[in-house]
Amino acid sequence: MCLYFYNELEKKLKSNYQIKKAINEEKYFKIDTNLYSDKKYVNSLEIINKKYPEGIITMDSAFYYYNLTDVVPDYYYLATKRNNTRIKDNNIKQVFIQNDLFDFGKTEIIIENVKINIYDKERMLIELVRKRNSVAFDYYKEIIENYREIKDTLSTKKIAEYISNFSIENHLYDVIMKEVF
């Protein structure tokens with residue numbers, strides 16, 4: 001399966017007429033504004049990857065994909081650099097991250113047969129603690145309890161390395177050690 005922006009499809013099919021003909025013959029399908037596919041149904045994660053290749057899955061979406069919560073998020077939470085253009089998509093909650101902190105913990109995993117950019121579990125633990133005052137208490141508690149269950153799989157070295165880049169590093173480290181380890 002392939003996704004194409006209009007200009008990519010135009011290069012492939014050579015003309016607007018050929019694009020319309022291929023769509024009428026159901027060889028290609030319009031999936032979204034300026035986005036086409038050779039399959040009728042496309043996984044939302046594939047669309048997000050195509051439209052926002054630099055974005056990184058974060059917060060509620062990452063907690064869900066890592067099985068740290070069973071709460072299905074209402075939106076796809078996507079981290080972008082602070083100076084990126086605002087995403088105008090009702091299915092996406094954009095989280096702006098300082099440019100110098102953006103790549104810490106970025107990794108790739110396969111979810112629903114789609115390779116996605118996502119922050120690793122260690123980075124997500126730090127983000128959870130950083131934003132604990134804006135997260136529902138029960139939700140925070142559930143995720144922390146699930147982190148306790150997987151604490152042996154977490155890298156304390158990564159956590160310490162990531163935390164060292166935040167201005168409130170001592171506080172973050174103390175909270176994480178007290179609540180998870």
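Predicted model: local features only at pLDDT ≥ 70, side-chain atom pairs only at ≥ 80, totals over all residues.
Visitor: What makes up the secondary structure of the protein?
Guide: The protein has 8 helices and 8 strands. Along its principal axes, the C-alpha trace spans about 65 × 30 × 25 Å.

Visitor: How many residues are there, and what share is buried?
Guide: The protein has 181 residues, and 42% of them are buried. Buried here means under 20% relative accessible area. The accessible surface comes to about 10800 Å². Carbon and sulfur atoms hold 44% of that surface.

Visitor: What share of the contacts joins residues at least 24 apart?
Guide: Take the contacts between residues at least 6 apart in sequence. Of these, 52% join residues at least 24 apart. A contact requires heavy atoms within 4.5 Å.

Visitor: How many charged side chains does the protein have, and where do the centres of the two sets lie?
Guide: There are 29 positive and 28 negative side chains. The centres of the two sets lie 6 Å apart.

Visitor: Why is Q94 called buried?
Guide: Its relative accessibility is 17%. The cut-off for buried is under 20%. Q94 therefore counts as buried. Q94 sits in strand 6, residues 92-97.

Visitor: Which residues does Q94 touch?
Guide: Leave out residues up to four places away in sequence. Q94 then touches L78, T80, N84, T85, R86 and I87. As for V114, it is 20 residues from Q94 along the chain, and their C-alpha atoms are separated by 20 Å.

Visitor: Why is strand 8 described as largely enclosed?
Guide: Strand 8 covers residues 114-119. Of its 6 residues, 5 are buried, so the rest of the structure largely encloses this strand.

Visitor: How do you know that strand 7 and strand 8 pair?
Guide: Pairing needs at least two bridges between the strands. Strand 7 (residues 106-111) and strand 8 have 6 bridges, in the antiparallel sense. They therefore count as paired. In one of these bridges, I109 has I116 of strand 8 as its partner.

Visitor: What lies between strand 7 and strand 8?
Guide: The two strands form a hairpin with 2 residues between them. In the turn, E112 has a positive phi of about 50°.

Visitor: What is the strand order in the open sheet of 3 strands?
Guide: The order is 1-3-2, and the pairing is antiparallel.

Visitor: Why do strand 1 and strand 2 stand at the edges?
Guide: Strand 1 (3-5) and strand 2 (29-32) each have a single partner strand, so one side of each is left without a neighbour in the sheet. On average, neighbouring strands of this sheet are turned by 40° against each other, direction ignored.

Visitor: How do you know that strand 1 pairs with strand 3?
Guide: At least two bridges are needed. Strand 1 and strand 3 (residues 35-37) have 3, and they run antiparallel. The pair therefore meets the cut-off. F5 has L35 in strand 3 as its bridge partner.

Visitor: Which helix packs on this sheet?
Guide: Helix 3, residues 44-51, does. It touches strand 1, strand 2 and strand 3. The direction of helix 3 makes about 35° with that of strand 1.

Visitor: What joins strand 2 to strand 3?
Guide: Again 3 bridges, with the strands running antiparallel. F29 is bridged to S37 in strand 3. The two strands form a hairpin with 2 residues between them.

Visitor: What makes the phi of N34 worth a remark?
Guide: Most residues other than glycine have a negative phi. N34 is not a glycine, yet its phi is positive, near 65°. N34 lies in the loop between strand 2 and strand 3.

Visitor: Why does D103 count as partly exposed?
Guide: Its relative accessibility is 45%, so D103 falls in the partly exposed class. D103 lies in the loop between strand 6 and strand 7.

Methods. Residues numbered from 1 in each chain as written. Heavy atoms only, no water. Helix = DSSP H or I, 4+ residues; strand = E, 2+ residues; numbered from the N terminus. Buried < 20%, exposed > 50% of the residue type's maximum accessible area, 1.4 Å probe, protein only. Areas by Shrake-Rupley, 256 points an atom, 1.4 Å probe, with all protein chains shown as cover. Lys, Arg positive; Asp, Glu negative; His and termini not counted. Charge placed at Lys NZ, Arg CZ, Asp CG, Glu CD. Axes fitted to C-alpha atoms, helices over the stretch in contact; angles between N-to-C directions.
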